Amino acid sequence: MKASVGDRVIVAGRHLGERRRTGRIVEVRGVDGAPPYRVEWDEDGRTTLYFPSYDCRVESPSEATSNESRAPS
Amino acid sequence: MRVADLTWRAPVTIDCADPILKAAQTLSEAGVGSLVVVDGGRPVGIVTDRDIVTRCVAERVEPDTRIDSIMSMGVVALDADADVEELYAVFASHAIRRVPLVEDDRVVGMVTLDDAIVSTAAALNDLAGVFSRQIAFPKAGDEPAAPAVPG
């Protein structure tokens, strides 16, 4: 996984009781965009260090905007 | 107080491709309640003894199934020099009970909610002792002399 500062993080949550979480990458700590990332979570505005897994995808700000405009209103 | 000042333990890891059976054996042998699941050395999830019960045994998942099929994905971590308040915020906002500690982005420890509560309670108890003495003996020098040791 590679990401840049400003990219959106979407964590699907796969098991019962796991919530979908979204946030914004505020720091890339790995080499060449690799994890871990510092993520500011939309839910509460807190920032944590995050090692993503297979249920996580990253979108650039332009992709996120595009996806939002395609979403049903 | 820093997170690293709390009681914490060395992380026990398992590879994401290892079977659930090996995870259960590792939990038992290491005497811990959770493992950090790694992929190429990088953490990708956490699996607990409860995960094995509820997501494997209860669902009749074969024990030779890969551990990453039942792990909780993604790892919220803290730098070891983070403040304890930050740890409590992580526990609260992510609804988790275990947080890996990292130094230079390598997992070096695991702190649990139980560890944090016990450490904080001990610190508060020490503080209560100081305040109790101050309340009982508000003036310096009021403290009773230590009893003489019979010689």
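Where is B:Asp105 found? B:Asp105 sits in the loop between S6 and strand S7 (106-112) of chain B. Its phi is positive, about 65 degrees, although B:Asp105 is not a glycine.

This is a predicted model: local features need pLDDT of at least 70, side-chain atom pairs count only at pLDDT 80 or more, and totals for chains, interfaces and linings use all residues. Residues are numbered from 1 along each chain as its sequence is written, while chains are lettered from A and ligands numbered from 1 in the order in which they are written.

## Chain B: overall form

Chain B has four helices and seven strands. Helices (H or I, at least four residues) and strands (E, at least two) are DSSP runs, numbered from the N terminus. Along the sequence, the pattern of chain B is β-α-β-β-α-β-β-α-β-β-α. The radius of gyration of chain B is 22 Å, well over the 15 Å that the globule rule gives for 151 residues, so chain B is more spread out than a compact globule. That radius is taken over C-alpha atoms, and the globule rule is 2.2 Å times the number of residues to the power 0.38. The C-alpha trace of chain B spans about 70 × 35 × 30 Å along its principal axes.

Of the 151 residues of chain B, 31% count as buried. A residue is buried if 20 or more other C-beta atoms lie within 10 Å of its own, exposed if 12 or fewer, and partly exposed in between, with C-beta atoms placed from the backbone. Contacts in chain B with a separation of 6 or more are 56% between residues 24 or more positions apart. Two residues are in contact if their C-beta atoms, placed from the backbone, lie within 7 Å.

## Chain B: sheet and helices

Chain B holds an open sheet of four strands, in the order S1-S2-S3-S4, with mixed pairing. Two strands pair if DSSP finds at least two bridges between them. Strand S1 (13-15) and strand S4 (72-73) of chain B are the edge strands, and each pairs on one side only. Strand S2 (residues 34-39) and strand S3 (residues 42-48) of chain B run antiparallel, joined by six bridges. B:Val36 stands opposite B:Ile46 in S3(B). H2(B) packs on the sheet and touches S3 and S4 of chain B; the direction of H2(B) makes about 70 degrees with that of S3(B).

H2(B) also meets H1(B). The axes of helix H1 (residues 20-30) and helix H2 (residues 49-57) of chain B come within 10 Å and cross at roughly 145 degrees. Axes are lines fitted to C-alpha atoms, for helices over the stretch in contact, and angles run from 0 to 180 degrees between N-to-C directions. B:Ile20, B:Ala23, B:Ala24 and B:Leu27 in H1(B) meet B:Asp49, B:Ile52 and B:Cys56 in H2(B). By class, this contact has six nonpolar, no polar and one charged residues. Ala, Val, Leu, Ile, Met, Phe, Trp, Tyr, Cys and Pro count as nonpolar, Asp, Glu, Lys and Arg as charged, and the others, Gly among them, as polar.

## Chain A and the interface

Chain A has one helix and five strands. From the N terminus on, its elements run β-β-β-β-β-α. Buried residues make up 26% of the 73 residues in chain A. Among contacts in chain A between residues at least 6 apart in sequence, 37% join residues at least 24 apart.

The contact between the chains takes 18 residues from chain A and 18 residues from chain B. Strand S4 (residues 47-51) of chain A gives the most to the side of chain A that touches chain B, with four residues. That side has nine nonpolar, three polar and six charged residues. Three bridges join S4(A) to strand S5 (residues 75-79) of chain B, and the two strands run antiparallel. A:Leu49 stands opposite B:Ala77 in S5(B).

## Backbone details

The peptide bond from A:Pro35 to A:Pro36 is cis, with omega near 5 degrees. A:Pro36 lies in the loop between strand S2 (21-28) and strand S3 (37-41) of chain A. B:Ala95 has a positive phi in a residue other than glycine. Its place is the loop between helix H3 (84-94) and strand S6 (98-103) of chain B.

| Residue | Phi | C-beta neighbours inside 10 Å | Exposure |
|---|---|---|---|
| B:Ala95 | near 55 degrees | 10 | exposed |
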